[in-house]
Amino acid sequence: MKIIVCIKQVPDTKGGVKFNPDGTLDRGAMLAIMNPDDKAGLEAALRIKDTHPGTEVTVLTMGLPKATDVLREAIAMGADKGVLITDRVLGGADTWATSTTIAGAIRNLEYDLIITGRQAIDGDTAQVGPQIAEHLGLPVISYAQDIQIDEANKTVTVQRQYDDRYHVLEAQMPCLITALSELNEPRYMSVGGIFDAFQAEITTWGRADLKDVDDANIGLAGSPTKIAKASDKVRKGAGEKVAPDSPEEAVSYIVGKLTEKHVI
Amino acid sequence: MDFTLSKEHEMARQLFKDFAENEVKPLAQEVDETETFPRGTVEKMAKYGFLGIPVPKEFGGQGCDPLTYVMCVEELSKVCGTTGVIVSAHTSLCVDPIMTYGTPEQKAKYLPDLASGKKLGAFGLTEPGAGTDAQGQQTKAVLDGDEWVLNGSKCFITNGKEADVYIVIAVTGKIEKRGKMMKEISAFIVEKGTPGFTFGTKENKMGIRGSSTYELIFTDCRIPKDALLGQKGKGFNIAMHTLDGGRIGIAAQALGLAEGALETTINYVKERKQFGRAIGAFQNTQFQLADMATKVEAAKLLVYKAAMKKAEYQANPKTSYSVEAAMAKLAAAEIAMEVTTKCVQLHGGYGYIREYDVERMMRDAKITEIYEGTSEVQRMVISANLLK
């Protein structure tokens, strides 16, 4: 079977966050990693490949040319092919423009299953995966915490996570699943796999390679969402330290504070 | 001359670093305290190819260069000297001589399992009365029909009881050299489980306490005739050449220990307060850190240069990396000892307490000045080349 895994290069939360003057992220200036939910999605695909011989895993990403690094990382983990969608006219895309673009690229590929991460740690929207499915007219199961494949019947059985329960859903392939980082513990790259990954050919597509995509729906111009303002998180202060003389005084202090904040 | 690592090497370093932080560091203290061989870690390392880094792909290895191997041992040793030496002894002292001197049959028989980590390797040269001094060897191998019969013992063997495949150096006769009768030395491949091959005492060590250091005992141990590695009588050359490579591995271990101690200490001096200030604000601390960082960088350049010289040798066997390996090990080991000792000092009383990593790193560092040729032996190798 053929699986496409959509991955995204995101700023490492351990590094600083930097913005462009228009409020979008300055990705070129930040340390970058593979988005954790996407990495879990890739691992899920690789486990399917481990247990279903003949499975081919293609990783696809949209971003700056340096996003090739996450494709190489994915290939070093065991993916077979990498596709980079990069073009200046695609920059500044919101979730609508991004999903339109990715769907336009996927229309060029054969697939039985598409896996995306639930959400990226930079945007936290959780919209792109389901939107891709909508563009392609596919069933979507989001928040997957377990994925089982029945290759003979071309179905997937997925546990969809909720706060206090999970639903078991079955879907006919082709379909799209969004993965949670809790889904699994992603494997490391293999040593030799890294060197092979740098020999692997990465397919690079631009605007012209997207299929059935309208110019009005791509890039910053095609993005209905506009960022009004972006700022760094303001660090909380050190807090207040008090040293009451008795437990009674401590209780009275806490009750006073909670009342002041309208908690009680 | 370019000091920039390739993107491949950068990514490989990130792999080793992530693995070391996530899988090795959490166990380092326990491995040391309880003298436990980290079998689970070895299995995980095997899965990702850490045990077959230089082995060609045709034998199931990773087909990578010596620099990649060095970075692996370095990153592992930053957090755990024990784990670093397990990989180093396996790769440099067992896998490498089979790759270099093995017959096609020996390579096909041993390399795939060693490269995949299904089997672990070790190397037996040292005896109670002989280390680098080959003429002091007592272990004998006598050809009896189609078998060699081994008798004798080897001591201080890294990966001792945990290994499956052993390179063993033994005396196979006498030859005349420059009018003197000398011992003829040969190398053999011996498998665990061979009748007559047993283990003696486990050594209770100062450092690298999780590594399995044992005595190997051979009592009428019969191995096939084709277990001879390389030519009969070339065992000393094989051992010395193997140690040239091994020294790069130990130099990488020493480098990692020094870097690990320095990183730990940099974090510590930012947090530890005395006289109302972080101790990192005192000029004494700053100057010591500067000196240590400079020495560590110098060691790193020597170790990487030795690895690159080894790569050059692999492409052109007429070249040699013996002196570079000796210099790298001499410098890295002595710098590791100096840096870890100073790091303990900067930690003050806490540095002397088992819970603090620098205490373990200082004990681990000491062995790098001793095994696979002491610092004095490295000086002999270097000066012999200067005065030849």
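These questions and answers walk through a predicted model with chains A and B.

Reader: How many helices and strands are in chain B?
Author: Chain B has 388 residues. Both kinds of element are present in chain B: 10 helices and 10 strands.

Reader: What radius of gyration does chain B have, and why does it agree with that of a compact globule?
Author: A compact globule with 388 residues would have a radius of gyration near 21 Å. The value for chain B agrees, because it is 21 Å.

Reader: What share of the contacts in chain B with a separation of 6 or more is between residues 24 or more positions apart?
Author: Buried residues make up 52% of chain B. Among contacts with a separation of 6 or more, the share from residues 24 or more positions apart is 74%.

Reader: Which helix of chain A gives the most to the side that touches chain B?
Author: The contact takes 10 residues from chain A and 16 residues from chain B. On the chain A side, α2 (68-77) and α5 (191-197) each supply at least two residues. By class, that side has seven nonpolar, two polar and one charged residues. With four residues, the helix that gives the most is α5(A).

Reader: Is the crossing of α3(B) and α6(B) left-handed or right-handed?
Author: Residues that meet include B:Val70 and B:Val73 in α3(B), and B:Ala252 and B:Leu255 in α6(B). The residues of this contact divide into nine nonpolar, five polar and four charged. The crossing is right-handed.

Reader: What is omega for the peptide bond from A:Met173 to A:Pro174?
Author: Most peptide bonds are trans. A:Pro174 lies in the loop between β9 (166-172) and β10 (175-179) of chain A. The bond from A:Met173 to A:Pro174 is cis, with omega near 5°.

Reader: Is A:Lys154 buried or partly exposed?
Author: A:Lys154 lies in the loop between β7 (140-150) and β8 (155-161) of chain A. Its phi is positive, near 55°. A:Lys154 has 15 C-beta neighbours inside 10 Å, so it counts as partly exposed.

Reader: Is B:Phe156 buried or exposed?
Author: B:Phe156 is in strand β3 (residues 147-157) of chain B. Phi of B:Phe156 is near 55°, a positive value. Because 20 other C-beta atoms lie within 10 Å, B:Phe156 is buried.

Terms used. Residues are numbered from 1 along each chain as its sequence is written. Chains are lettered from A and ligands numbered from 1 in the order in which they are written. This is a predicted model: local features need pLDDT of at least 70, side-chain atom pairs count only at pLDDT 80 or more; totals for chains, interfaces and linings use all residues. The radius of gyration is taken over C-alpha atoms; the globule rule is 2.2 Å times the number of residues to the power 0.38. A residue is buried if 20 or more other C-beta atoms lie within 10 Å of its own, exposed if 12 or fewer, and partly exposed in between; C-beta atoms are placed from the backbone. Two residues are in contact if their C-beta atoms, placed from the backbone, lie within 7 Å. Ala, Val, Leu, Ile, Met, Phe, Trp, Tyr, Cys and Pro count as nonpolar, Asp, Glu, Lys and Arg as charged, and the others, Gly among them, as polar. A crossing is left-handed if the near helix is turned anticlockwise from the far one by less than a right angle, and right-handed if clockwise.
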